[in-house]
Amino acid sequence: MFMSISTTGSAESPATDLGFLLHKHPGKVQRFTTSHGEAHVFYPEAGDELCTAALLLDVDPIALVRKGRGKGRGGSPDFALAQYVNDRPYAASSLLAVALRTVFRSAMKGVCQARPELPELARPLRIALPAVPANGVGEGGGPEMVARLFEPMGWRVEAEAVPLDEAFPEWGESRYVRIELAAESVRLSDALHQLYVLLPVLDGAKHYWVAPDEVDKLLAAGEGWLADHPERALITRRYLSRRWSLTRAAMERLELARLAEADDREVEEIDNAVADEPDETAQEIPGAPTGTAPASGNPGNPGNPGNPGNLGNPENPEAPAPGKQPSLAEQRRAAILAALRETGATKVADLGCGQGELIGALLKDARFTGILGVDVSVRALRVAARKLRLERLPERQAARVTLAQGALTYTDARLKGFDAAVLCEVIEHLDLPRLPALESAVFGSARPGAVVVTTPNAEYNVRWESLPAGAVRHADHRFEWSRAEFRAWAERVASAYGYTVELRPVGPQDPEVGPPTQLALFRTAVGTATDTAVGTAAGTTTDTAAGTTATTADTETTTATTTPTPEGGEPR
């Protein structure tokens, strides 16, 4: 196997800096032992204006076969005569990728003690690979696949299929491709990482058994480019030898990395809806067709039965004490379900679904025929699938539910076409500057007929003895609004996107500070069959005190006076 790396330079910045980057002296021929042969590094040319480093990997196919014997799935993938007569010594494959990591380990890490400034400098590079297998049955192999893999990263690609025999052109082309890659400005470490991943992808096979740790290797080598690559599904599938479980795990982590990077946050910050090791023994609520669990994706401390209405600890006001009235979480779900039934919705999207508690409640009601649960947290979705027992549900029941990973601050075609959407204890987990993006994605782009939003009432926090003054109810809450602040936000959104809005309390009504949770029911102002009369003149607000129940107390109705066309939305 052969590969060359070339760069250009000048007297001020000589091309021989490549020797510092690769940690290989241009004046020497160096030999390295790898797991499947010997690697040789040498420089066919080394000058200030042009420098080329070559890697030659000498693989012994017989030794490769012998090393794989007796190791089950970890042995050589070849059989019979093909064990001894094959392309392994000649065509760049996963064997060359392993040699790259062995021989150029420091270069891939971006380390150069002699010239520490060099690894971060982008420079012109040209990489030549005379023979690369480009298999792709059903996936578009050959030169086309090479272009699809390398061009999105800024490489100019010259790929030519190698004929089976140049003396007999009528025999057609082989499965091998001659490749030259060129880039005007790229870091050497990035180029090596891309080759480390894409050489096995082009080959479509690996010479060793693919274990779960290969997912970590893929994500480490693909950091900074793989998550946004248009062919990341193909790359992931082929790199992991089409092992479905590993491919799914890698794709989930890549999507999470992409969303985190887009929001300029750490992955841990957005994948924190459940503990690192969620409770595998969580019990379903009796009578639920799918099973539900203590509500909300925000774990906290056990409840405090001494609080009014059995609301528990403010970090987890979910679990009811024995013999007490329903918890705040149960009252919140009841209020949401009542609002959804009022709208006549049958297709509902639970945005920020967490561990699926509301989805479990929706499944109990046959009127909800289509349910979508969306959350940015992979772990939360896994817990939701387990607690909802989706794999064990009857086919018709399971077909009602879809779980999907996504960020609510980006437009998503999957969210369109729903009668109603729910944002249950979600908005307070966003930084305030990101809230307009959610408004545009949900109210403008997805534009369901109705939207139900619940959020904590900050005024009620003084009623929790365990909550320090000025603190929020959960460590991940970016803000908590008073009733006036929530009302101002709801009226602004309704006016901007052509909705009406009703404000309702959830939980016991305190005469001084109001309810612990506040709910807003948005409905499109004009033209849907599910709209009901909201009964006020444009621009007026009606307050009605009707007790302290979770669904009807102190209903406030506001009708937007204008229905402008928001960005991404449609006039209604």
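Student: What is the order of the strands in the open sheet of seven strands?

Tutor: Let's take the general idea to begin with. Strands of a sheet pair through backbone hydrogen bonds, either parallel or antiparallel. In this predicted model, the open sheet runs in the order β2-β3-β4-β1-β5-β7-β6, and its pairing is antiparallel.

Student: Which strands stand at the edges?

Tutor: Those are β2 (30-34) and β6 (156-163). Each has a single partner strand, so one side of each is left without a neighbour in the sheet. Neighbouring strands of this sheet are turned by 15 degrees against each other on average, with direction ignored.

Student: How many bridges link β6 and strand β7?

Tutor: Seven bridges connect β6 with β7 (residues 173-186), in the antiparallel sense. As an example to look up, Glu158 has Glu180 in β7 as its bridge partner. Helix α5 (residues 143-150) packs on the sheet there and touches β6 and β7, with its direction at about 160 degrees to that of β6.

Student: Which strands does helix α3 lie across?

Tutor: Helix α3 (residues 94-103) lies across β1 (2-8), β2, β3 (37-46), β4 (50-59) and β5 (123-133). Its angle to β4 is about 120 degrees.

Student: Is β14 largely enclosed or open?

Tutor: Eight of the eight residues of β14 (residues 517-524) are buried, so this strand is largely enclosed by the rest of the structure.

Student: Which strands pair with β14?

Tutor: Strand β12 (residues 450-456) joins β14 through seven bridges, running antiparallel, and Thr454 stands opposite Leu519. Strand β13 (residues 499-506) also pairs with β14 in the antiparallel sense, over eight bridges. There, Tyr499 stands opposite Thr524.

Student: Which residues of helix α16 are buried?

Tutor: Look for Phe486, Trp489, Ala490, Val493, Ala494 and Tyr497. They cover an arc of only 130 degrees around the axis, which puts them on the same side of α16. Their cover includes α15 (435-446), β12, β13 and β14.

Student: How far does α16 reach from its first C-alpha to its last?

Tutor: Helix α16 (residues 483-497) has 15 residues and reaches 21 Å, close to the 21 Å expected at 1.5 Å a residue. Gly498 follows α16, and its phi is positive, near 75 degrees.

Key: Residues numbered from 1 in each chain as written. Predicted model: local features only at pLDDT ≥ 70, side-chain atom pairs only at ≥ 80, totals over all residues. Heavy atoms only, no water. Buried < 20%, exposed > 50% of the residue type's maximum accessible area, 1.4 Å probe, protein only. Helix = DSSP H or I, 4+ residues; strand = E, 2+ residues; numbered from the N terminus. Pairing = 2+ DSSP bridges. Axes fitted to C-alpha atoms, helices over the stretch in contact; angles between N-to-C directions. Contact = heavy atoms within 4.5 Å. Expected span 1.5 Å × (residues − 1). Arc of directions from axis to C-beta.
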